[in-house]
Amino acid sequence: QVQLVESGGGLVQAGGSLRLACVASGSIFSINTMGWYRQAPGKQREPVATITSGGSTNYADSVKGRFTISRDNAKNTEYLQMNSLKPEDTAVYYCNAVGTLRSYRPFVSWGQGTQVTVSS
């Protein structure tokens, strides 16, 4: 009932930048927290950054100072600006949203993932 669509992944050289976007659509009443997670080959999915509807943010230590999460509540959209990318940032990046449906039932939704590859 809630769809998340990511965009903006790709191939970039180390030190470069990428900006990911995620648009949520469907029977949404409100979105509390949006976030970005990533999963590298052979590793577990891990949180990268989260942002609440009030704008409070949280970052993984590995991306602090390099990545910035933001959101546009009116558009149900979140962004992840990634600067100074490193080869170890290579992973599939997933968008996540937690909120309430118009039926007032809670939801947790994931996007399909977008590949980010950083070459050395």
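Glu-6 touches Ala-21, Cys-22, Trp-36, Tyr-93, Tyr-94, Cys-95, Gly-111, Gln-112, Gly-113 and Thr-114, leaving aside residues up to four places away in sequence; contact here means heavy atoms within 4.5 Å. This is a predicted model, in which local features need pLDDT of at least 70, side-chain atom pairs count only at pLDDT 80 or more, and totals for chains, interfaces and linings use all residues. Residues are numbered from 1 along each chain as its sequence is written, and side-chain values use heavy atoms, with hydrogens and water left out.

- Glu-6 sits in strand 1 (residues 2-7); strands (E, at least two residues) are DSSP runs, numbered from the N terminus.
- Glu-6 is buried and has no salt bridge, where buried means under 20% relative accessible area, exposed over 50% and partly exposed in between (1.4 Å probe, protein chains only).
- For Glu-6, the nearest side chain of opposite charge is Arg-45, 7.6 Å away; Lys and Arg count as positive and Asp and Glu as negative, while His and the chain ends are not counted.
- The Glu-6 side chain does reach backbone nitrogens: that of Gly-113 at 2.8 Å and that of Gln-112 at 3.1 Å.

- The structure holds four salt bridges, each defined as a side-chain nitrogen of Lys or Arg within 4 Å of a carboxyl oxygen of Asp or Glu.
- As background, side chains of opposite charge can pair when their charged atoms come close.
- Arg-38 and Glu-46 meet through their side chains in a salt bridge, at 2.8 Å from N to O.
- Glu-46 is partly exposed at 35% relative accessible area, whereas Arg-38 is buried at 6% relative accessibility.
- Arg-38 also forms a salt bridge with Asp-89, with their closest N and O atoms 3.0 Å apart.
- Because Asp-89 lies in the loop between strand 8 (77-82) and strand 9 (91-101) and Arg-38 in strand 4 (residues 28-39), this pair ties together parts that are 51 residues apart in sequence.
- Asp-89 is buried as well, at 1% relative accessibility.
- Salt bridges with shared partners join Arg-38, Glu-46, Arg-66 and Asp-89 into one network.

**The Asp-61 and Lys-64 pair**

- Which residue meets Asp-61 in a salt bridge? The partner is Lys-64, at 3.1 Å from N to O between the side chains.
- Asp-61 counts as exposed, with 64% relative accessibility.

Terms used
Helix = DSSP H or I, 4+ residues; strand = E, 2+ residues; numbered from the N terminus. Polar contact = N/O pair within 3.5 Å; in protein donor to acceptor, adjacent residues only side chain to side chain.
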